[in-house]
Amino acid sequence: MPLPQPLIQYCNDIHIAVSIAENTNDHPLLYVNQHFEQLTGYGKDELYGKNCRILQNKSNNDYNKSRIREFLKKDSIESIRVPLINFKKNGTPFINLLFMSKIKNCLNNTQYLFASQFDVSNTYPDILSHYEHTLKTALIDIPKTVRPNSLILSGSLSVVANATAAIAQAKVMLDQADAPLL
Ligand SMILES: Cc1cc2nc3c(=O)[nH]c(=O)nc-3n(C[C@H](O)[C@H](O)[C@H](O)COP(=O)(O)O)c2cc1C
């Protein structure tokens with residue numbers, strides 16, 4: 001099923017990196033916005049149909065990857081926030097504070113996975129708080145864009161509001177990465 005046009009329009013206009021995948025086997029990407037392209041250096045044509053793990057290269061994200069797999073598997077987990085070591089297309093490493101949520105249809109089945117990526121590697125507190133604000137606004141506004149198409153974004157505001165643990169973990173990763181990220 002194609003993504004609803006109002007949802008695409010909203011994500012095109014938003015000022016943070018966003019990606020959407022199909023909830024089918026191996027979660028192929030259906031959509032990335034221009035901020036995602038700028039952040040990662042990959043163009044959408046290189047990504048559509050592929051799994052976003054392409055950004056991980058050979059990094060060791062075992063614990064947080066297992067948390068993502070659990071989120072993808074269990075209906076009861078509505079959203080998640082984890083830091084991951086990722087690599088831009090040109091090989092530059094960065095710490096990606098990844099937020100993920102589920103877009104469900106009227107039968108409460110997950111139709112799409114929504115995600116937003118934020119590079120915490122070289123950021124300042126005010127940039128992070130601006131990002132948090134934009135993400136929270138998006139999570140409130142997105143259901144308004146998709147409701148006419150009978151899709152809902154599963155409860156996610158609390159995960160953004162309680163991001164302290166994920167951010168703390170990202171900072172630990174950054175400290176450890178004073179040694180090279182590889
Ligand atoms: C919409 C969406 C966006 C994602 N974005 C990222 C990302 O930016 N970086 C990343 O490392 N993983 C990302 N992931 C997670 C991976 O695609 C994958 O689900 C994760 O690595 C766990 O699965 P695996 O152990 O099979 O790789 C994303 C997943 C989805 C569905």
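Reader: Among contacts in the chain between residues at least 6 apart in sequence, what percentage join residues at least 24 apart?

Author: The model before us is predicted. Its contacts between residues at least 6 apart in sequence can be sorted by the separation of their partners. Those joining residues at least 24 apart make up 54%.

Reader: Which pattern of helices and strands does the chain follow along the sequence?

Author: The chain has seven helices and six strands. Read along the sequence, they give the pattern α-β-β-α-α-α-β-β-β-α-β-α-α.

Reader: What is the radius of gyration of the chain, and why is it said to agree with a compact globule?

Author: The C-alpha trace spans about 50 × 30 × 30 Å along its principal axes. For 182 residues, a compact globule would have a radius of gyration near 16 Å, and the value for the chain agrees with this. That value is 15 Å.

Reader: Which residues come nearest to the ligand?

Author: The shell around the ligand divides into nine nonpolar, seven polar and three charged residues. At least two residues of this shell are supplied by each of β1 (17-22), α4 (62-73), β3 (79-87), β4 and β5 (110-117). Of the 19 residues around the ligand, those that come nearest are Ala21, Cys52, Arg53, Leu113 and Ala115.

Reader: How far apart are the end C-alpha atoms of residues 29-75?

Author: The UniProt annotation "domain: PAS", from an unreviewed entry, covers residues 29-75. This span is 49% helix and 9% strand. Its end C-alpha atoms lie apart by 20 Å.

Reader: Is Asn108 buried or exposed?

Author: Asn108 lies in the loop between β4 and β5, and its phi is near 70°, a positive value in a residue other than glycine. Most residues other than glycine have a negative phi. Because Asn108 has 10 other C-beta atoms within 10 Å, and a residue with 12 or fewer counts as exposed, Asn108 is exposed.

Reader: What is the phi of Asn57?

Author: Asn57 lies in the loop between α3 (44-47) and α4. Asn57 is partly exposed, with 13 other C-beta atoms within 10 Å. Its phi is also positive, although the residue is other than glycine, and is near 50°.

Reader: What distance separates the C-alpha atoms of Lys88 and Gln56?

Author: Lys88 is placed in the loop between β3 and β4. Not counting residues up to four places away in sequence, Lys88 touches Thr40, Gly41 and Phe94. Lys88 and Gln56 are 32 residues apart along the chain, and the distance between their C-alpha atoms is 9.0 Å.

Reader: What distance separates the C-alpha atoms of Asp45 and Glu70?

Author: Asp45 is found in helix α3 and counts as exposed, with 8 C-beta neighbours inside 10 Å. Asp45 and Glu70 are 25 residues apart along the chain. Their C-alpha atoms are separated by 28 Å.

How values were computed: Residues are numbered from 1 along each chain as its sequence is written. This is a predicted model: local features need pLDDT of at least 70, side-chain atom pairs count only at pLDDT 80 or more; totals for chains, interfaces and linings use all residues. Helices (H or I, at least four residues) and strands (E, at least two) are DSSP runs, numbered from the N terminus. The radius of gyration is taken over C-alpha atoms; the globule rule is 2.2 Å times the number of residues to the power 0.38. Two residues are in contact if their C-beta atoms, placed from the backbone, lie within 7 Å. A residue is near a molecule or strand if its C-beta atom, placed from the backbone, lies within 6 Å of it. Ala, Val, Leu, Ile, Met, Phe, Trp, Tyr, Cys and Pro count as nonpolar, Asp, Glu, Lys and Arg as charged, and the others, Gly among them, as polar. UniProt positions are given in the numbering used here, feature names are shortened, and annotations may be inferred rather than shown by experiment. A residue is buried if 20 or more other C-beta atoms lie within 10 Å of its own, exposed if 12 or fewer, and partly exposed in between; C-beta atoms are placed from the backbone.
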